[in-house]
Amino acid sequence: MSAPRKICVLTSGGDAPGMNAAIRSVVRTAITSNIEVVGALGGYAGLIQSKMISLSMNSVANIIQRGGTILKSGRAPEFHKPDARAQAAQNLKAAGIEGLVAIGGDGTYMGAHLLSQEHGVRVVGLPGTIDNDIFGTDETIGFDTAVNTALEAIDRIRDTAASHDRLFIVEVMGRDSGFIAIEVGLAGGAEEVFIPETMANVDHAIQSIKRGVARGKSSSILVAAEGQKVGRAYDLAEQIRRKAGFDAKVCVLGHIQRGGSPTARDRVLASRFGHAAVEALKKGSSGVMVGVQADRIVTLDFKETVGKKRVVPNELIELAQLLAH
Ligand code: F6P
């Protein structure tokens, strides 16, 4: 199959720091290969409504350091309907677009997979989500920045927790995945980490806090993923209060973790992914995702990855438990 003459790039799902760096890389790699590039606005909604803008070398200047996405993003629930996907495919064809780069998380991949299967659209998926839960890649764009943002917050909370001899529960994002929580917990020296992948360890946390108190430690920090088994952080605080009588302050970091300037690691990853996505389209690949495994860029068939869940390695869970004393 010959290289496409014109491609489209979009960002879909929750935005992630580094998406702009990926767009820049897609645009600059494509134009260098004489491929025209347009961007669909607002994710799949932009394809359905044919809201597309032309992208040039210049239109992606000065964005590598910016969080968010210049193309805007959305979850486009209407894309679940076959009619909407047919409309999107028709709009792509009418605009002479011969390849699509879809940057986003698992929902984005599902949409891309269907578009390629049902309508033969040449699609490459590029992992962009702070959750780091995409099967087939060791890391996703935005994860490193989100972890560092949350970690900075935890370091600040530790200052006030220590000054007031308090127990804090810090809730981090991740939907039904515990990657952000486990890394933030490990790096922030949390007394306990609550993640969706494991049973709730409230008693273990209480023991850990008590051991600390016995050693003269007067403040503690627990990290809770938003999808952990007990519920939200406030539910956890209530359970700890009922079981041990400890009064925990709750801090929900929320969307702060999605914003901000991407770290160097995310910018480099996004640049590598964007380049690889265009190279894959040039080679005629379709229905594939780009990922990184053991620091090597790989392309994997959607059939092998879509619908599968990547889980936090046991090694990290065990280490977090071991160090929580
Ligand atoms: O998938 C990224 C993410 O930030 C999750 O961690 C979180 O659960 C969700 O998106 C929040 O989505 P929204 O911004 O639509 O509320």
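Modeller: Contact here means heavy atoms within 4.5 Å. The model is a predicted one. By that criterion, and setting aside residues up to four places away in sequence, L126 touches A22, V26, V101, A102, I103, G104, Y109, I141, F273, G274 and A277.

Biologist: Which residues of the largest nonpolar core touch the most other members?

Modeller: They are I7, V101, L126 and I180, in a core of 60 residues. Membership requires a buried residue of a listed type, joined through side-chain atoms within 4.5 Å.

Biologist: Why is this core said to lie between domain 1 and domain 2?

Modeller: Domain 1 (6-142 + 262-305) and domain 2 (145-259) both contribute residues to the core, and therefore it lies between them. As a general background, nonpolar side chains in soluble globular proteins tend to be buried together.

Biologist: How many residues does each domain give to the contact of domain 1 with domain 2?

Modeller: Domain 1 supplies twelve residues and domain 2 supplies 13 residues. The C-alpha centres of the two domains lie 34 Å apart.

Biologist: Why is helix α3 called roughly perpendicular to helix α4?

Modeller: The axes of α3 (residues 82-94) and α4 (residues 106-119) come within 10 Å and cross at roughly 75°. Angles of 65 to 115 degrees count as roughly perpendicular, so α3 is roughly perpendicular to α4.

Biologist: Which residues make up the contact of these helices, α3 and α4?

Modeller: From α3 come R85, A86, A88, A89 and L92, and these meet L114, L115, E118 and H119 of α4. By class, the residues of this contact are six nonpolar, one polar and two charged.

Biologist: What makes V312 buried or exposed?

Modeller: Buried means under 20% relative accessible area. V312 has 4%, and therefore it is buried. V312 sits in the loop between α10 (302-305) and α11 (314-323). Leaving out residues up to four places away in sequence, V312 touches G178, F179, I182, I195, E197 and I317.

Biologist: How do you know whether V193 is buried or exposed?

Modeller: The relative accessibility of V193 is 10%, so V193 counts as buried. V193 belongs to strand β7. Residues up to four places away in sequence not being counted, V193 touches A181, I182, G185, N201, V223 and A320. V193 and A324 are 131 residues apart in sequence, yet their C-alpha atoms are 8.6 Å apart in space.

Biologist: Why is A200 called partly exposed?

Modeller: Partly exposed covers the range between the buried limit of 20% and the exposed limit of 50%. A200 has 35% relative accessibility and so counts as partly exposed. A200 lies in the loop between β7 (192-194) and α7 (202-214). Apart from neighbours within four places in sequence, A200 is in contact with K229 and V230. From A200 to G231 the C-alpha distance is 9.6 Å, at a sequence separation of 31 residues.

Biologist: Why is S33 placed in the class of partly exposed residues?

Modeller: S33 has a relative accessibility of 24%, and therefore counts as partly exposed. S33 is in the loop between α1 (19-32) and β2 (36-40). S33 and V278 are 245 residues apart in sequence and 9.2 Å apart in space, C-alpha to C-alpha.

Biologist: What is phi of S50, and what is phi of A294?

Modeller: Phi of S50 is near 55°, a positive value in a residue other than glycine. Phi of A294 is near 50°, likewise positive in a residue other than glycine. Most residues other than glycine have a negative phi.

Biologist: What makes S50 buried, partly exposed or exposed?

Modeller: At 40% relative accessibility, S50 counts as partly exposed. S50 is found in the loop between α2 (44-48) and β3 (52-55).

Biologist: How do you know whether A294 is buried or exposed?

Modeller: Exposed means over 50%. A294 has 67% relative accessibility, so A294 counts as exposed. The loop between β10 (288-293) and β11 (296-301) holds A294.

Conventions:
Residues are numbered from 1 along each chain as its sequence is written. This is a predicted model: local features need pLDDT of at least 70, side-chain atom pairs count only at pLDDT 80 or more; totals for chains, interfaces and linings use all residues. Side-chain values use heavy atoms; hydrogens and water are left out. Buried means under 20% relative accessible area, exposed over 50%, partly exposed in between (1.4 Å probe, protein chains only). Domain bounds come from an automatic or database domain assignment. Axes are lines fitted to C-alpha atoms, for helices over the stretch in contact, and angles run from 0 to 180 degrees between N-to-C directions. Helices (H or I, at least four residues) and strands (E, at least two) are DSSP runs, numbered from the N terminus. Angles under 35 degrees count as roughly parallel, over 145 as roughly antiparallel, 65 to 115 as roughly perpendicular and the rest as oblique. Ala, Val, Leu, Ile, Met, Phe, Trp, Tyr, Cys and Pro count as nonpolar, Asp, Glu, Lys and Arg as charged, and the others, Gly among them, as polar.
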